[in-house]
Amino acid sequence: MSSQGLRSSVLIFNNLACLLFVALCLLSFQEKMTKRGSNFNRLQVVETSDDSTSCRTFIMNDEDHTLGNSLRYIIMNNPEVQFCGYTVPHPLEEKIHFRIQTYGSLPEDILRKGLTDLRDICVHVKQAFKVFNVQLFCDSLIYPLLICLQGV
């Protein structure tokens with residue numbers, strides 16, 4: 001195999017690895033959802049003393065950086081958002097504090113739109129995996145890479 005062919009195979013392999021990571025995150029999220037009971041409170045709104053309707057902090061229970069960083073990225077692309085960030089209070093606590101500050105829109109509406117947009121992206125990636133025969137692709141890509149690595 002030529003060095004150009006190996007480079008393109010490695011690039012394709014890296015892209016596939018990223019897509020597989022997203023798919024595994026989706027499966028993990030789906031598994032979490034099935035384990036939860038109907039009375040589990042996933043989202044809490046932190047009450048504030050001021051009357052501002054453009055700033056809100058949400059507590060998302062049983063979540064971590066996987067959802068926090070992805071959702072923050074999606075929400076920050078909204079032109080109505082002035083600030084969006086999240087923190088994990090403690091590594092042993094499975095929750096994130098998610099803050100949204102807008103130019104006037106309700107933070108609840110922005111959060112709802114962000115979650116919907118993120119879900120749509122995940123559905124698209126999942127459908128792309130179904131169309132793209134991952135097993136056949138992995139077999140045809142990984143086998144030549146393993147042969148190349150045996151000579152190293």
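**View 1. Overall surface and fold of the predicted model.** The protein exposes about 10500 Å², of which carbon and sulfur atoms supply 60% (accessible areas come from the Shrake-Rupley method with a 1.4 Å probe, and for residues only the protein chains shown count as cover). This is a predicted model, in which local features need pLDDT of at least 70 and side-chain atom pairs count only at pLDDT 80 or more, while totals for chains, interfaces and linings use all residues. Residues are numbered from 1 along each chain as its sequence is written, and side-chain values use heavy atoms, with hydrogens and water left out. The protein has four helices and four strands, arranged along the sequence as α-β-β-α-β-β-α-α (helices, H or I of at least four residues, and strands, E of at least two, are DSSP runs numbered from the N terminus). Of the 152 residues, 26% count as buried (buried means under 20% relative accessible area, exposed over 50%, and partly exposed in between, with a 1.4 Å probe and protein chains only). Among contacts with a separation of 6 or more, 58% join residues 24 or more positions apart (contact means heavy atoms within 4.5 Å).

**View 2. The largest nonpolar core and C84.** This core has 15 residues, and those with the most contacts inside it are M60, L71, I75, C84, F98, I100 and L111 (a nonpolar core is a set of buried Ala, Val, Leu, Ile, Met, Phe, Trp, Tyr and Cys residues joined through side-chain atoms within 4.5 Å). The elements that give two or more residues to this core are β2, α2, β3 (81-87), β4 and α3 (107-131), and the largest share, four residues, comes from α2. Not counting residues up to four places away in sequence, C84 touches R72, I75, M76, F98, R99 and I100.

**View 3. T102 in strand β4.** T102 belongs to strand β4 (residues 95-102) and, at 3% relative accessibility, counts as buried. The side chain of T102 reaches the backbone nitrogen of G104 at 3.3 Å. When residues up to four places away in sequence are not counted, T102 touches S54, E80, V81, Q82, P107 and I110.

**View 4. D62 in the loop between β2 and α2.** D62 lies in the loop that runs between β2 (55-61) and α2 (65-76), and D62 is buried, with a relative accessible area of 6%. Phi of D62 is near 60°, a positive value in a residue other than glycine. Most residues other than glycine have a negative phi.

How values were computed: Polar contact = N/O pair within 3.5 Å; in protein donor to acceptor, adjacent residues only side chain to side chain.
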